[in-house]
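Thank you all for coming; I would like to take a few minutes to walk through one model with you.

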Amino acid sequence: MDGNASLWQVAGAKISDVRYRAKCVVPFCNHSKGFEQQGVEWICGDHWRLVPRRVRQIKFKRFRQEKLANEKFRALYDAQGSRYTDEQFRAVKEAMDAATRAWERCKRQAIERAVGI
Ligand SMILES: [Zn+2]
């Protein structure tokens, strides 16, 4: 088996592992997408375009910050012998909450604007 064939196998395994389908969060939209985890929220391409650019940018920024905060927390946690301080926990929690708020805002905008067209 050459390199390409094994890569193809890995890709094939990943595709077959997709078990959960998420519908676009906009009511009556028929678009859906497969996800490896259950309970994923998703906005389809058509409706994502209705979200104002600025709101989308904030979402990407907050998700990036959340990822960095999680990585930082994980590194501190490991370095401190599986411990964390209240302050470290608050920092990662705030980043997660901010990411959630940014996503909720995207959903609201997509749904509101979808109703208007
Ligand atoms: Zn949609």
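This is a predicted model: local features need pLDDT of at least 70, side-chain atom pairs count only at pLDDT 80 or more; totals for chains, interfaces and linings use all residues.

Of the 117 residues in the chain, 12% are buried, and if we take the contacts between residues at least 6 apart in sequence, 48% of them join residues at least 24 apart.

Helix H3 covers residues 53–79 and helix H4 covers residues 86–115, and the two pack at an angle of about 155 degrees, with their axes 8 Å apart. Since an angle over 145 degrees counts as roughly antiparallel, H3 and H4 are therefore roughly antiparallel to each other, and H3 passes H4 in a left-handed crossing.

As for the residues that meet there, the H3 side includes Val-55, Ile-58, Phe-63, Ala-69, Phe-73 and Leu-76, while the H4 side includes Ala-91, Val-92, Met-96, Ala-99, Trp-103 and Cys-106. By class, this contact of H3 with H4 has 15 nonpolar, 4 polar and 5 charged residues.

That brings me to the buried residues of H3, where we find Lys-59, Arg-62 and Glu-66; the buried residues of H3 pack against H4, and Lys-59, Arg-62 and Glu-66 are also among the residues of H3 that meet H4.

Finally, a word on the geometry of each helix. At 1.5 Å a residue, the 27 residues of H3 should span 39 Å, and because its end C-alpha atoms are 39 Å apart, the model agrees with that expectation. H4, with its 30 residues, reaches 43 Å from its first C-alpha to its last, which is close to the 44 Å expected at 1.5 Å a residue. Just after H3, Gly-81 takes a positive phi of about 70 degrees, and that is where I will stop and take your comments.

Terms used
Residues are numbered from 1 along each chain as its sequence is written. Axes are lines fitted to C-alpha atoms, for helices over the stretch in contact, and angles run from 0 to 180 degrees between N-to-C directions. Helices (H or I, at least four residues) and strands (E, at least two) are DSSP runs, numbered from the N terminus. Angles under 35 degrees count as roughly parallel, over 145 as roughly antiparallel, 65 to 115 as roughly perpendicular and the rest as oblique. A crossing is left-handed if the near helix is turned anticlockwise from the far one by less than a right angle, and right-handed if clockwise. Two residues are in contact if their C-beta atoms, placed from the backbone, lie within 7 Å. Ala, Val, Leu, Ile, Met, Phe, Trp, Tyr, Cys and Pro count as nonpolar, Asp, Glu, Lys and Arg as charged, and the others, Gly among them, as polar. A residue is buried if 20 or more other C-beta atoms lie within 10 Å of its own, exposed if 12 or fewer, and partly exposed in between; C-beta atoms are placed from the backbone. The expected span of a helix is 1.5 Å times one less than its number of residues.
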